[in-house]
Amino acid sequence: MMEAFSIEALKVYIDLYFTFLKIGFFSFGGGLAMVPLFVVEFQKNGWMEPEQFYNVLSLAQMTPGAIAVNSATFVGNEAGMVVGGRLGALIGGLFATAGLATPSVVCIVALSEILRKMKQNKWKQAFFFGIKPVTIALIFFAGWKIAESTFFGDSFTDIHYASIVLFVIVGIVLKFFDKKVHPIALIALSALVGIVIF
């Protein structure tokens, strides 16, 4: 239990908080738009390799709640576990999640009244118009990196054909039966197929 409160563990918790604080402040467009920042920060801090994170991201999408918050909690748990055991995992998850949530809370409280008054302000509209293409690019990058790690192994010649077939089948189902197939059922079915195939 004491290892969860060692100097090394406390340093990791503080690093988790400020890393996720930074990600929260500089990410527009939701969870997937944050993926590029996640990957850079995790590698820099040695918390998780990209391949591990993409697995965490898949799990975060399947579990209830926001993708970004779930990812932050999972990563905080992993980093905290290394330095502080089970209690450290809990503390790490709390620090990471709090760091990610802080900017949203501060911005909503501080800006909600201002934004309401500036509803038709041309500068506000220009700001949001300007960040839209960046948000799309960040989400596209996240999709590209996830696809790369899913469809290919160590090189582009090492192709995972089963993943591509599963992707195409799910894409066709979504295209033609999107009103009839519930997303939760599709995720659960895909997970079962993944267990059998992979």
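Modeller: Let's start with axes: these are lines fitted to C-alpha atoms, for helices over the stretch in contact, and angles run from 0 to 180 degrees between N-to-C directions. Helices (H or I, at least four residues) are DSSP runs, numbered from the N terminus. This is a predicted model, in which local features need pLDDT of at least 70, side-chain atom pairs count only at pLDDT 80 or more, and totals for chains, interfaces and linings use all residues. Residues are numbered from 1 along each chain as its sequence is written, and side-chain values use heavy atoms, with hydrogens and water left out.

Biologist: Which residues of α2 and α3 meet?

Modeller: V35, F38, V39, F42 and Q43 in α2 meet P50, F53, Y54 and L57 in α3, where contact means heavy atoms within 4.5 Å. They divide into 8 nonpolar, 1 polar and no charged. Here Ala, Val, Leu, Ile, Met, Phe, Trp, Tyr, Cys and Pro count as nonpolar, Asp, Glu, Lys and Arg as charged, and the others, Gly among them, as polar.

Biologist: What makes α6 roughly antiparallel to α7?

Modeller: The axes of α6 and helix α7 (residues 183-197) come within 12 Å and cross at roughly 160°. That lies over the 145 limit, so α6 is roughly antiparallel to α7.

Biologist: What makes F151 and F167 an edge-to-face pair?

Modeller: Rings of Phe, Tyr and Trp (its six-membered ring) pair if their centres lie within 6.5 Å; planes under 30 degrees apart count as stacked, over 60 as edge-to-face and the rest as tilted. F151 and F167 have 5.3 Å centre to centre and 70° between the planes, hence edge-to-face. F151 lies in helix α5 (residues 122-151) and F167 in helix α6 (residues 161-177), so the pair ties together parts that are 16 residues apart in sequence.

Biologist: How do you know whether F151 is buried or exposed?

Modeller: Buried means under 20% relative accessible area, exposed over 50%, partly exposed in between (1.4 Å probe, protein chains only). F151 has 15%, so F151 is buried.

Terms used: Helices (H or I, at least four residues) and strands (E, at least two) are DSSP runs, numbered from the N terminus. Angles under 35 degrees count as roughly parallel, over 145 as roughly antiparallel, 65 to 115 as roughly perpendicular and the rest as oblique.
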